[in-house]
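Here is a short briefing on one protein chain. Keep the structure open as you read.

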Amino acid sequence: MQFSSSFVGQRFHIACNRSIRIIIIKMVGTTLSAEQKKQLITRNLQETLGEDKLNKVLQERDLKIYWGTATTGKPHVAYFVPMSKIADFLKAGCEVTILFADLHAYLDNMKAPWSLLELRTQYYEQVIKAMLSSIGVPLDKLKFVKGSDYQLSKEYTLDVYKLSSLVTIHDAKKAGAEVVKQVEYPLLSGLLYPGLQGLDEEYLKVDAQFGGVDQRKIFTFSEKYLPQLGYEKRIHFMNPMVPGLAGGKMSSSEEDSKIDLLDSPANVKKKLKKAFCEPGNIADNGLLSFVKHVLFSLFKEGEGFEINRPADNGGDATFLKYEELEQYYADNKLHPGDLKAAVEKYINRLLDPIRKAFETPELQKLTAAAYPPPAKVKANAPAAAAAAGDEDAPHRLDIRVGKVLEVSRHPDADTLYVLKIDLAEAQPRTIISGLVKFVTVEELDQRLVAVLCNLKPSKMRGILSEGMVLCTSNADHTVVEPIVVPSKAAAGSRLAFEGYSGTPDEQLNPKKKVWEKLSVDLKTNADGVAVWKNNFLLTTDGEQLTSKLANCAIK
């Protein structure tokens, strides 16, 4: 059964053919009053900034809105929250632009490697089109734009420079606090992120931007700085954040917190079974939030949320209003297991058309290329989990390019060097390395090296070491050398393993032996190229790291 036959809240029967459905949507959008359009646009939002401007525009014409998504991890079931809101915008006659923010994905701590940006963008476009089709949203009312199509233009670049002359580091960090990973010494890319998102509003020529409430600081940043460039202040619509299945924010990088759009029915059941769903708890309940913000917004008039259960457990029940369902659950009249079973049924109806669309060889190939599966997982498995979701995956390692500025012998250890290494931080790091027997001072000085930066700092013979230079070693440890970093790599740039995205741990937990577990599969292959389970270690430009030692461990 197609999900659209039960869930699209339009003023017509879904059984009509697609062309009639599009005509009726257009008629609905043009016959609504300004107040009715506003109610559709703002329903279920947590906050709206610029309501006076919204009222003014709606009195004159239909609103132009954009929603952007950084093309990083695979979109998951929570993406139906903004999709259902986009359906509301279209019902209200709005012109909607969906921005695939590929450059933003790269700027946010390299969550998408440069070599995969184009493939990730293609995947996002296909999967989001499939999502919108599954809930009956006509694609002819939408415009899809890729960020790099205009963000590399001369005009946009000049505006970035102008903005950088106005924005303080404090304001840039504050604006991105809820979106960009915060570290003590942030990369410049993360500081640029909020300004670029603000400029998107001008270059997409929209009246409003839509996003989650976690982007509020970026929205207020835009309202402050765009007028200083001579551009108008936009309206901002904010959705509440939907809790994940494990409680807290639903995240692409936390496998247990989300259901992938290509997950099989068996995986959906498995994940929902483990979902956090405390009896009577309506405050931190991802299932109830999904029902409220997705399912009820898609029900047509007269439809409700159906619970199917045996008579001795209360029998079947239908809720025409979300508030009734919420109160019923709060009063402990609905068992978590029955809620999970109902949500499972609806989620599978949502996902069925998407799964079917991605059965084609072309889209299976695209999925495997954009999100290469970990080693020992078949490349053609359509529902393979994203590598970044693995608990023991190499994205947890913060490996960066460093430049050796100073080399000296440790005063209390004949086999140790004390290195001062530039990692594009406020000051060079001190790193102790046992290379005295293997590499000369001249060979190390001014050399580019790969540095593991998130080990817990430790004292070595009285001097604190703040990282580790990665080296290859033969079996009997008679030959040891730093792995070779391409000469074009910039100090401080992050190195990533092909097919693995995500945010590194702030610090690797020594008690959990994270580094020890991951380093087992870190080595050079038969060609002397650095790999983790056959996945290449790459620079931001997609270049490989190498060694003259083949089939050797990297430590």
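A residue is called buried when its relative accessible area is under 20%. By that rule, buried residues make up 56% of the 555 residues in the chain. Keep in mind that this is a predicted model.

**The chain as a whole**

- The chain has 18 helices and 22 strands.
- Its accessible surface comes to about 24,600 Å². Carbon and sulfur atoms account for 50% of that surface.
- Take the contacts between residues at least 6 apart in sequence: 72% of them join residues at least 24 apart.
- One pair shows how sequence and space can part ways. L117 and A370 are 253 residues apart in sequence, but their C-alpha atoms are 8.2 Å apart in space.

**Salt bridges across the sequence**

- Side chains of opposite charge can pair when their charged atoms come close.
- How many salt bridges does the structure hold? The count is 26.
- R43 and D88 form one of them, with N and O 2.8 Å apart. R43 lies in the loop between α3 (34-42) and β1 (47-49), and D88 in helix α5 (residues 80-91), so the pair ties together parts that are 45 residues apart in sequence.
- The two partners differ in cover. R43 is partly exposed, with a relative accessible area of 30%. D88 is buried, at 2%.
- E178 and K217 form another salt bridge, and their closest N and O atoms are 3.8 Å apart. E178 sits in the loop between α9 (169-175) and α10 (188-203), while K217 belongs to helix α11 (residues 216-225), so this pair ties together parts 39 residues apart in sequence.
- E178 is partly exposed, with a relative accessible area of 47%. K217 is partly exposed too, at 33%.
- D505 and R396 also meet through their side chains, at 2.8 Å from N to O. This pair links distant parts of the chain, 109 residues apart. D505 is in the loop between β18 (494-497) and α18 (514-519). R396 is in the loop between α16 (361-370) and β9 (399-409).
- Are D505 and R396 buried or exposed? Both are buried.
- Salt bridges can also join up into a network. D398, R400, E425, R429 and R494 are linked in this way.

**A buried charge without a salt bridge**

- D102 lies in helix α6 (residues 102-107). This residue is buried, yet it has no salt bridge.
- Which side chain of opposite charge is nearest to D102? That is K146, 4.8 Å away.
- Leaving aside neighbours within four places in sequence, D102 is in contact with T71, L117, T121, K146, G147, S148 and Q151.
- L117, one of these contacts, is placed in helix α7 (residues 117-134). L117 counts as buried because its relative accessibility is 6%.

**A patch of negative charge**

- Where do E406, E442, E443 and D445 gather? They form a patch of negative charge on the surface.
- E443 is found in helix α17 (residues 441-444).
- E443 counts as partly exposed because its relative accessibility is 44%.

Terms used: Residues are numbered from 1 along each chain as its sequence is written. This is a predicted model: local features need pLDDT of at least 70, side-chain atom pairs count only at pLDDT 80 or more; totals for chains, interfaces and linings use all residues. Side-chain values use heavy atoms; hydrogens and water are left out. Patches are made of residues with over 30% relative accessible area and no salt bridge: like charges are joined within 9 Å, nonpolar side chains (Val, Leu, Ile, Met, Phe, Trp, Tyr) within 5 Å. Accessible areas come from the Shrake-Rupley method with a 1.4 Å probe; for residues, only the protein chains shown count as cover. A salt bridge is a side-chain nitrogen of Lys or Arg within 4 Å of a carboxyl oxygen of Asp or Glu. Lys and Arg count as positive and Asp and Glu as negative; His and the chain ends are not counted. The place of a charge is taken as NZ of Lys, CZ of Arg, CG of Asp or CD of Glu. Helices (H or I, at least four residues) and strands (E, at least two) are DSSP runs, numbered from the N terminus. Buried means under 20% relative accessible area, exposed over 50%, partly exposed in between (1.4 Å probe, protein chains only). Contact means heavy atoms within 4.5 Å.
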